[in-house]
Amino acid sequence: MNIDYTAILTANYAGTLWNMAGDEYDGLVWLDSTPKPTQAELDAQWPTVQYNQQYAQVETTRRTQYEAQSDGLFFEWQRGTNTQAAWEAAVDAVKAANPYPPAPKTKGK
C-alpha cells in the first residue's frame, strides 16, 4: 500500500512544522515542539485521508459536470421550456457516472 505521508500531515497536522525528504516515513523531519507522530499513527490515518481526497475529487468532477450537463436544463425548466424530469435525469446521470468512494472501514467493524 502506498501511503502519502505528506497528504496525511497536510490534512491532519495543520499548523505544525515538519519537512519531508522523499516519500517515506523515514524522511519525515519533525521541527515542531509537539510530539512527532509515529509511523503507525500516520498509517492508521491514511484510509480516512485517502477517502477524503477521493470524495473531494468526486465533488469537483460532479460540480463541473453539473455545470455542463444539468444547470442549463434547470434554467430551462425554470423558464418553462423544459421539464423538471429532464433536469433531474441529468443530475441523476452525473451522480451515477461519479459515485462516491466507499467509506473506509473502522477498526472493530
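Me: Leaving aside its neighbours within four places in sequence, which residues is tyrosine 5 in contact with?
Reply: This is a predicted model. In it, tyrosine 5 contacts Met20, Asp23, Glu24, Tyr25, Gln39, Leu42 and Asp43. Contact here means heavy atoms within 4.5 Å.

Me: Which residues of H1 are buried?
Reply: Tyr5, Ala7, Ile8 and Leu9 are buried in H1. The label needs a relative accessible area under 20%. The buried residues of H1 pack against E1, E2 and H2.

Me: Why are H1 and H2 called roughly perpendicular?
Reply: Helix H1 covers residues 5-12 and helix H2 covers residues 39-79. They pack at an angle of about 80°, with axes 9 Å apart. Angles of 65 to 115 degrees count as roughly perpendicular. H1 and H2 therefore get that label.

Me: Which residues meet where H1 packs on H2?
Reply: H1 brings Tyr5, Ala7, Ile8, Leu9, Ala11 and Asn12. H2 brings Gln39, Leu42, Asp43, Gln45, Trp46, Val49 and Gln53. By class, this contact of H1 with H2 has eight nonpolar, four polar and one charged residues.

Me: Which members of the largest nonpolar core touch the most other members?
Reply: The core has 13 residues, and Tyr5, Ile8, Leu9, Leu28, Leu42 and Trp46 touch the most other members. H1, strand E2 (28-30) and H2 each supply at least two residues of this core. H1 gives the most, with four residues. In soluble globular proteins, nonpolar side chains tend to be buried together.

Me: Where does threonine 16 lie, and what does its side chain reach?
Reply: Threonine 16 is in the loop between H1 and strand E1 (18-20). Its side chain reaches the backbone oxygen of tyrosine 13 at 2.5 Å. Not counting residues up to four places away in sequence, threonine 16 touches Trp30, Asp32 and Thr34.

Me: Why does glutamine 50 count as partly exposed?
Reply: Glutamine 50 is in helix H2. Its relative accessibility is 31%. Buried means under 20% and exposed means over 50%. The value lies in between, so glutamine 50 is partly exposed. In sequence, glutamine 50 and alanine 7 are 43 residues apart, but C-alpha to C-alpha they are 8.4 Å apart in space.

Me: How do you know that H2 and H3 are roughly antiparallel?
Reply: H2 and helix H3 (residues 84-97) pack at an angle of about 175°, with their axes 8 Å apart. Angles over 145 degrees count as roughly antiparallel. H2 and H3 therefore qualify. Among the residues in this contact are Tyr66, Leu73 and Trp77 of H2, and Trp87, Val91 and Val94 of H3. By class, the contact of H2 with H3 has nine nonpolar, four polar and two charged residues.

Me: What makes glutamate 88 partly exposed?
Reply: Glutamate 88 belongs to helix H3. At 36% relative accessibility, it is between the 20% and 50% limits, so partly exposed is the label. The side chain of glutamate 88 makes a polar contact with the side chain of glutamine 84, at 2.7 Å.

Notes:
Residues are numbered from 1 along each chain as its sequence is written. This is a predicted model: local features need pLDDT of at least 70, side-chain atom pairs count only at pLDDT 80 or more; totals for chains, interfaces and linings use all residues. Side-chain values use heavy atoms; hydrogens and water are left out. Axes are lines fitted to C-alpha atoms, for helices over the stretch in contact, and angles run from 0 to 180 degrees between N-to-C directions. Angles under 35 degrees count as roughly parallel, over 145 as roughly antiparallel, 65 to 115 as roughly perpendicular and the rest as oblique. Ala, Val, Leu, Ile, Met, Phe, Trp, Tyr, Cys and Pro count as nonpolar, Asp, Glu, Lys and Arg as charged, and the others, Gly among them, as polar. A nonpolar core is a set of buried Ala, Val, Leu, Ile, Met, Phe, Trp, Tyr and Cys residues joined through side-chain atoms within 4.5 Å. Buried means under 20% relative accessible area, exposed over 50%, partly exposed in between (1.4 Å probe, protein chains only). A polar contact is a pair of N or O atoms within 3.5 Å; within protein, one must be able to donate a hydrogen and the other to accept it, and residues adjacent in sequence count only if both atoms are side-chain atoms.
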